[in-house]
Amino acid sequence: QVWWSSSVEFEKSFTTMGIDLKAGGRRTGHKSSMKVIKTANPYNRLLIKLYKFLARRTDSKFCETVAKRLHMSRINAPPMGLNRLAKYMSKKENQTAVIVGKVTDDVRMLECPKLSVCALAFTENARKRIVAAGGECITFDQLALRSPTGANTVLLRGPQSRAALAHFGKRTSVNNPHAYDGVKPYVRSKGRKFEKARGRRKSRGFKV
């Protein structure tokens, strides 16, 4: 009888305990990055409001994706060159290319085809070349009036190519044997005196 009552009191004492905040008891960093608009650009802030409204009222996946991409940081919204844009839009006449980012000129492309492009920004030369070819450069608010659900549009993204990505690796799981194939190690320099990762990968002697 004494043992049972003492164990109940012990449980009660634990139920009234608080959370040790310093030991990491409070879950932070799990909120969506779309809850708060972080950009100070008034035009982008209005665009986010507009496309969130359209996504809610039209159930359009296009508007939902555009709203999500408008929230992204600049490094996650890379620019797209005219040459790549023209390649993606070949055999897609009467459709508008949509890029949530900047469109830049590509001097390697000699002739620019006729394109209808909607983007957040255009470089001066890119805009000149698109307009000179008989195309058009439109803004996202013009696109919302013309195609509120994203009909007759092609949603594109620029290439994410920066030095840090070489170190990131692939999807890590038990079933993926190629998770670290071709991943660049963080080594200060190449040479005899520096880490060669011997025993860590097949190309460096052997792999454990």
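User: What should I know before I start, and how are residues numbered?

Analyst: Residues are numbered from 1 along each chain as its sequence is written, and side-chain values use heavy atoms, with hydrogens and water left out. The model is predicted, so local features need pLDDT of at least 70 and side-chain atom pairs count only at pLDDT 80 or more, while totals for chains, interfaces and linings use all residues.

User: Fine. How many helices and strands does the protein chain have?

Analyst: Elements here are DSSP runs numbered from the N terminus: helices are H or I with at least four residues, strands are E with at least two. The protein chain has six helices and five strands, and from the N terminus on they run α-α-α-β-α-β-β-α-β-α-β.

User: What share of the residues counts as buried?

Analyst: Buried means under 20% relative accessible area, exposed over 50%, and partly exposed in between, with a 1.4 Å probe and protein chains only. Of the 208 residues of the protein chain, 28% count as buried. As for contacts (heavy atoms within 4.5 Å), among those between residues at least 6 apart in sequence, 41% join residues at least 24 apart.

User: How do I read the buried side of a helix?

Analyst: An α-helix has 3.6 residues a turn, so residues three or four places apart point the same way. Take H3 (61-70). Its buried residues are Phe62, Cys63, Val66, Ala67, Arg69 and Leu70. Seen down the axis of H3, they fall within an arc of 165°, so they line one face of the helix; the arc is that of the directions from the helix axis to the C-beta atoms. The cover over them includes H2, S2, S3, helix H6 (140-146) and strand S5 (153-156).

User: Which side-chain oxygen reaches the backbone nitrogen of Phe62 at the start of H3?

Analyst: That oxygen belongs to Ser60, and the two atoms lie within 3.3 Å.

User: Which residues of H5 are buried, and which exposed residues does the face turned away carry?

Analyst: In H5 (residues 124-132), Ala126, Arg129 and Ile130 are buried. Seen down the axis of H5, these buried residues fall within an arc of 100°, so they line one face. Turned away from that buried side are the exposed residues Glu124, Lys128 and Ala132. Helix H4 (82-88), S2, S3 and strand S4 (136-138) are among the elements covering the buried residues. Just after H5, Gly134 takes a positive phi of about 90°.

User: How do I read empty space?

Analyst: Rolling a probe the size of a water molecule over the atoms shows where empty space is left. On a 1 Å grid over the protein atoms alone, a cavity is a set of points where a 1.4 Å probe fits but cannot get out; a pocket is an open set with protein on both sides within 12 Å along at least five of seven lines, and lining residues have an atom within 4 Å of a point. Grid points are joined across faces, edges and corners, and a volume is the space filled by probe spheres set on the points.

User: What is the volume of the largest pocket, and which residues lie nearest its centre?

Analyst: The volume is about 810 Å³. The largest pocket is lined by 26 residues, with Tyr180, Val183, Pro185, Ala197 and Arg201 nearest its centre.

User: And the largest cavity: which residues line it?

Analyst: Its lining is Arg69, Met72, Asn76, Ala77, Pro78, Val100, Leu156, Arg157 and Gly158. The largest cavity has a volume of about 60 Å³.

Notes. A polar contact is a pair of N or O atoms within 3.5 Å; within protein, one must be able to donate a hydrogen and the other to accept it, and residues adjacent in sequence count only if both atoms are side-chain atoms.
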